[in-house]
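Here is a briefing on one multi-chain model. Keep the structure open while you read.

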Amino acid sequence: MSTLTDMRRDMNARMFKQQRNMWIAVALVLGCLPLFYGGSDFALTVSIQIGMMIIFSLAYNMLLGQGGMLSFGMAVYFGMGGFLSMHFMNMIEADTVWLPMALLPVVGAFIGLVLGLIIGSFSTRKAGTIFAMISLGIGELVAASSLIFVKFFGGEEGVTGDRTMGPEMFGVDFASELEVYYLVAAWVFIATLLMFLFSRTPVGRMANAVRDNPERAEFVGYSQRFVRLISFAGAGLFSGLAGSLFAITYEIVTEETLNAVTSGAPLIMVMIGGAGYFIGPIIGAIFYTLLSTVLSNYTEIWLMYVGIIFVLTIMYLPAGLTGLLLMHNPIIKAKKLKRILPVYGKIALPVIGIFLGIVGLLEVGHYAHNASAGDMTMSLFFVSVDTSSYLPWIFFTGILVGGFMLAKKQAPSVAETYEEVHKEALGGGDK
Amino acid sequence: MIETTIFSLLNGLVYGLLLFMLSSGLTLIFSMMGVLNFAHASFYMLGAYFAYEMSIHIGFWPALILAPIAVGFAGAALERYGLRNVHKYGHVAELVFTFGIAFLIEEVVQFIWGKDQQPYNAPPLLDFPLFTLFNVDFPAYKAFMLFVSIAIFIALLVVLTKTRVGLIIQAAITHPHMVGMLGHNVPLVFMATFGVGTALAGIAGVIAAPVLGTYPGMAFDLGSIIFVVVVFGGLGSLAGAFVASLMIGIVQTFAVSFNIGMPDLLALLGLEFGADHFLVDLWTISLPQIGPLIPYLMLIIMLIFRPLGLFGSREV
Amino acid sequence: MTSAIHLVDLQKSFGQTAIIRGINLEIKKGERHAIIGPNGAGKSTLFHLISGKYEPTAGSVKLHGNEITGLPPYEIYRKGLSRSFQVTNIFHRMTVYENVRCGIMWNMGYKYSFWNRVDTTEEINLKTEAVLEEIGMVERAMTPAGLLTYAEQRALEIGITIAGGADVIMLDEPTAGMSHSETEQAVALIRKISENKTLVMVEHDMGVVFGLADRISVLVYGEIIATDTPDRIKENEAVQEAYLGTEHDDDA
C-alpha cells in the first residue's frame with residue numbers, strides 16, 4: 001500500500017477518536033447543563049430555545065453552506081411541522097392516535113420531509129437567485145394562506161395543545177420545564193449527529209461538489225437537481241423536527257412561526273456563525289438566541305442591533321464568528337497566541353469605543369424620541385443621562401468618531417502582525 | 001358588473017404601472033450588476049418616508065422631486081460603501097447583504113418614525129374625484145399616479161432606445177459579460193446604476209404612499225410581489241417585467257373586486273357542506289380572500305411549466 | 001462488433017448559424033481517436049454534443065450501439081462515457097483527494113447514498129488513492145484544488161475524468177497551454193490511462209496527435225473531411241489544402 005493510504009488511515013483513526021470524544025463531550029454538556037442553572041427557569045427556557053434554533057439553523061445550513069442554496073422561506077417547514085404536530089398532539093389528547101409525546105418530533109420531521117420533497121421537486125432545478133426568489137414566494141404563499149384557512153391555522157390565536165397527555169415513556173409526562181429540556185436536548189443530540197453524518201455520505205459530499213461546480217458534477221454521474229433535492233428534503237425534515245419541538249415547548253403554534261421573521265432567523269444565525277463550517281450554525285444559534293433573549297430585556301431596539309451585527313458580519317467577516325476563531329487555530333497550536341494578543345488588546349479599546357458610541361447614540365435617540373413628555377432622564381450603562389442636553393450626544397459622537405479613527409489607524413498593523421504570526425505558526429508546523 | 005370591470009381595469013393599470021416602476025429599477029440593477037437587490041422595496045419605503053417628512057416642511061410638490069433624488073443618493077452610497085465591499089464574495093453574499101440592509105432599513109424607519117402609519121396624504125390640489133361613473137368616484141390622485149407612471153415609462157423607453165447610454169445599457173442587459181469591457185469606469189457605472197434604480201423605486205414610493213399607506217411594513221408587503229414580478233417575467237428582461245407587472249396588477253385588482261366564492265361555485269354544482277367540516281375554510285373561500293395568494297400561485301405554475309419566466313433567456 | 005461511438009448525420013445550429021453540419025463517424029472500441037481541425041471548426045461543440053452538454057439539432061449519437069442522443073450528461077456518464085474539459089473544470093474549493101473521489105462514487109455504486117460514510121468506506125478511498133498514484137498527484141492529495149499549478153490542474157482534470165473507470169474517455173485539449181516537458185508527461189499519462197479503453201481527444205499539438213492516435217478525423221467548418229490513420233492523413237491532399245491552409249492563415 002502506498003504511503004498515502006497509510007497516512008489517510010492514520011489521519012482517519014485520529015479524527016475518529018477526536019470525533020468520538022467530542023460527541024461524548026457534547027452529550028455530557030447537554031446532560032449536565034441544568035445542574036449549573038441553580039433551578040433558574042429563565043436559563044432553562046433560553047437553553048431550550050437555543051436547542052431548537054441549533055436544529056433549525058443546522059438544517060438551514062444543509063442548504064446554504066453545504067448546498068449553496070439561499071432560502072428565504074424556511075419557515076414553511078418549521079411552521080408546518082409545528083402546526084401538524086400541534087394537531088397531532090390534540091389527537092393524542094383525544095385518544096384518536098396512540099403516540100408517546102416524546103416521539104411527536106418524528107411527526108414534524110415527516111411533515112417537513114414530505115413538504116421538502118414536494119416543493120423541492122420544482123424549486124431545486126437551479127441554485128442562486130432564482131432559487132432564492134422561489135423560496136421567498138412559497139414562504140409568502142404559505143404565510144398568507146395561514147390567515148385564510150382559519151380552521152387549520154387557528155387564525156390570529158393559533159392552535160394550542162397539552163403536552164402532558166398521551167402515553168408516558170419512562171414515567172415522564174413533561175409537566176416540568178426540566179423534562180422538556182431533556183427532551184429537546186436528546187433531539188438536539190440526535191439531529192445534530194444525523195446531520196453531521198449526512199455531510200459525510202456520498203450524497204453529502206456531492207452536495208458540496210454541486211455547490212462548487214454543478215456542471216462538472218453532472219459529468220461524473222450526478223444530476224445536480226437530484227442532489228439538491230435530497231439536501232432540500234433533509235433540510236425540510238430537520239426544520240419540521242425543530243417546529244415540532246417548538247409546539248411541544250410552548251404548547252401553542254401561531255401564524256408567526258410561518259412568517260418572514262421565522263424564515264430570516266436561520267439565515268441570520270448561519271451567517272453570523274459562519275456558513276462554511278458544520279459548527280458555524282451552532283455558534284450562530286447560541287449567539288443569536290442569547291443576544292435576542294438577553295438584549296430584548298434591556299432595550300426595545302434590539303432588532304436594530306441584530307441588523308447592524310448581521311450587516312457588519314457579511315461585510316467584514318464573511319466566514320462568520322467560526323471563521324474568525326479558526327483563523328487562530330494554527331497560532332494556538334504553535335503556542336504563539338501570546339504574541340498576537342497584545343496587538344488585539346490595543347485595537348480592542350477603539351472598537352469598544354465604536355460600539356459604545358453607536359449604542360449610546362441609538363439609545364439616547366430612542367429615549368428622547370419615545371419617552372413621555374417631560375421625562376428626560378434615562379439610565380444607560382448604569383449612569384443616568386439627561387437626554388435633553390447636548391452633552392450625551394457630543395460625548396457618544398466623540399467616542400464613536402474617535403474610536404473609528406483610532407481603529408482605522410491601527411487596523412493595518414494588526415493585520416500585519418496577524419499575517420506574520422500566522423505565517424510563522426504554519427512554517428513551524430511543517431518542521 | 002360593467003362598472004366593476006372598468007374600475008378594476010383602471011385600478012389594475014395604476015397598480016401594474018406602479019409595480020413596473022419598481023421592477024424596472026430592480027431589473028436594471030440585476031442586469032447590469034448581477035445582483036438582485038433584496039432591499040429594493042426598502043428604497044420605495046424610504047421614498048415614501050422622505051417625501052412625507054419633506055412635505056411637512058416644504059410641501060408635496062417639491063418633495064415629489066427631492067425625495068427620489070435623496071433616495072437615489074442613498075442607494076448610490078449603499079453601493080459605494082457597502083455592496084462594493086461584498087462584491088468579491090459572490091452573488092449569494094450580495095443578495096444576503098441586501099437582505100440585511102432591507103432588515104436594517106425597516107428598523108431605522110421604525111426608529112425614526114415609529115411603528116404607526118404616517119398621515120402622508122394626497123395634496124389638496126388633487127384631492128377631488130376626477131369623474132364619476134355609475135355613481136363611483138375615480139380620484140384625481142390616481143389619475144395623477146397613472147400620469148406619472150406613464151411619463152416615467154415613456155422616459156425610460158426613450159432613454160433606452162434613443163440615447164447612447166440606453167444602447168450601452170441594452171447591450172449590457174443582453175450580454176452581461178460585456179459590462180466589464182465597456183471601457184468605462186465600471187465602479188462608477190455600477191454606482192450610477194444603483195442610484196438610478198433605487199431613485200425609480202423612490203419615485204414609486206413617493207407617489208404610491210398616499211394611496212397604499214406609509215408604514216414600516218410597506219417595503220416587505222410590496223417587495224415580495226416585486227420579486228414575483230421579476231421572476232415571473234423572466235429575470236433580467238425589461239419587457240418581461242412590464243408584462244408581468246401589468247398582469248399581476250390587473251389580476252390582483254380583479255380578484256379583490258369580484259366577490260365570487262367557493263359557495264357560489266358549489267351552489268352551481270348543487271353541493272353543500274356543513275359549517276363544521278374540517279375543510280370548511282376551503283369550501284367557503286372567496287376570490288378577494290385568495291387575491292394576495294394569486295401572484296405566488298402564478299409564480300409556481302410558471303416555474304413548473306416555463307422555468308425561465310415569460311421572457312427570460314438567461315439561466316441564473 | 002458494435003463501435004464505441006457512432007454518429008449519424010449529427011447537426012447543431014445556434015439560431016441561424018450551423019456549427020456542426022452533418023457528421024458521420026464511427027469510433028471503434030479500443031481505438032485512440034484524435035479530432036483535429038482549425039480554430040472554430042466545431043471540435044468542442046462536437047464534444048459537447050456527444051457528452052450531452054448540448055442537445056443536437058438533428059442526427060443521432062450512439063454509445064456502444066445504444067441511442068444516447070439528447071440524454072443529460074449524467075445519464076451518458078452512467079452509460080460509460082466520461083469527458084474532460086478544455087477550460088479546467090474542477091471543484092476548486094475541495095482538495096485534490098476529494099475531487100478524485102467525486103469522480104469515483106457513482107460508478108462504484110454509491111450513487112445518491114446517504115447511508116454510507118465516505119471516509120470510512122475503504123473501497124472508495126483505496127480506489128481514490130490508486131487514481132492519485134496513476135496521475136502522479138499523491139504528494140498534492142490534501143491541497144485544495146484551487147491552489148494547484150496549471151499543469152497540475154490539467155492532470156487533476158484527467159484524473160476526475162478517468163476515476164470512475166468509464167470505458168470511453170473523451171479529452172478536450174488535454175495539453176493546451178502546457179510547456180514542452182509538461183506535455184511529454186501528459187502524453188505518457190494519457191497513453192497509460194487509455195490502455196484497453198476507447199479514447200477520443202481534441203488536440204492542437206500535432207506531435208501529441210501523431211504520437212498517440214490510431215486514427216485521426218479532420219473537422220473543418222462543421223464537417224469531417226477525412227478520417228484515417230495518421231500516415232495517410234499526412235498525405236491526404238484535401239487535408240493539407242483545407243486544414244493546413246487555414247492553419248497558416250490563422251498564424252498569419
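The contact between chains B and A takes 40 residues from chain B and 36 residues from chain A; two residues are in contact if their C-beta atoms, placed from the backbone, lie within 7 Å. This is a predicted model: local features need pLDDT of at least 70, side-chain atom pairs count only at pLDDT 80 or more, and totals for chains, interfaces and linings use all residues. Residues are numbered from 1 along each chain as its sequence is written, while chains are lettered from A and ligands numbered from 1 in the order in which they are written.

**Chain B against chain A**

- Six elements of chain B give two or more residues each to the side that touches chain A: helix 3 (60-86), helix 4 (91-113), helix 8 (218-233), helix 11 (280-283), helix 12 (287-290) and helix 13 (294-305).
- Helices (H or I, at least four residues) and strands (E, at least two) are DSSP runs, numbered from the N terminus.
- Helix 4 of chain B gives the most to this side, with 12 residues.
- By class, the side of chain B that touches chain A has 31 nonpolar, six polar and three charged residues.
- Nonpolar here covers Ala, Val, Leu, Ile, Met, Phe, Trp, Tyr, Cys and Pro; charged covers Asp, Glu, Lys and Arg; the others, Gly among them, count as polar.

**Chain A against chain C**

- This contact takes 28 residues from chain A and 37 residues from chain C.
- On the side of chain A that touches chain C, two or more residues come from each of helix 1 (3-32), helix 7 (177-198), helix 8 (202-212), helix 9 (214-218) and helix 10 (224-250) of chain A.
- Helix 8 of chain A gives the most to that side, with eight residues.
- The residues on that side of chain A divide into 12 nonpolar, nine polar and seven charged.

**Inside chain A**

- Helix 8 of chain A is largely enclosed by the rest of the structure, because 11 of its 11 residues are buried.
- A residue is buried if 20 or more other C-beta atoms lie within 10 Å of its own, exposed if 12 or fewer, and partly exposed in between; C-beta atoms are placed from the backbone.
- The buried residues of helix 8 of chain A include Arg205(A), Arg211(A) and Asp212(A).
- They pack against helix 2 (41-67), helix 7, helix 9 and helix 10 of chain A, together with helix 3 (96-102) of chain C.
- Helix 5 (residues 128-148) of chain A is mostly covered, with 18 of its 21 residues buried.
- At 1.5 Å a residue, helix 5 of chain A should span 30 Å, and its end C-alpha atoms are 31 Å apart, which agrees. The expected span is 1.5 Å times one less than the number of residues.
- Glu156(A) lies in the loop between helix 6 (150-153) and strand 1 (159-160) of chain A.
- Glu156(A) is exposed, with 11 other C-beta atoms within 10 Å.

**Chain C overall**

- Chain C has nine helices and 10 strands.
- Its C-alpha trace spans about 60 × 40 × 35 Å along the principal axes.
- Of the 252 residues of chain C, 45% count as buried.
- Among contacts in chain C between residues at least 6 apart in sequence, 65% join residues at least 24 apart.

**The six-stranded sheet of chain C**

- Six strands form an open sheet in chain C with the order 6-7-8-3-9-10 and mixed pairing. Two strands pair if DSSP finds at least two bridges between them.
- Strand 7 (residues 168-172) and strand 8 (residues 198-202) of chain C pair in the parallel sense over five bridges.
- Met170(C) stands opposite Val200(C) in strand 8 of chain C.

**The four-stranded sheet of chain C**

- Four strands form an open antiparallel sheet in chain C, in the order 2-1-4-5.
- Strand 2 (17-27) and strand 5 (66-67) of chain C each have a single partner strand, so one side of each is left without a neighbour in the sheet.
- Strand 1 (residues 5-14) of chain C runs antiparallel to strand 4 (residues 58-63) of chain C, joined by five bridges.
- Eight bridges join strand 1 to strand 2 of chain C, also antiparallel.
- Leu7(C) stands opposite Val61(C) in strand 4 of chain C and opposite Leu25(C) in strand 2 of chain C.
- Strands 1 and 2 of chain C form a hairpin with two residues between them, and Gly15(C) in the turn has a positive phi of about 60°.
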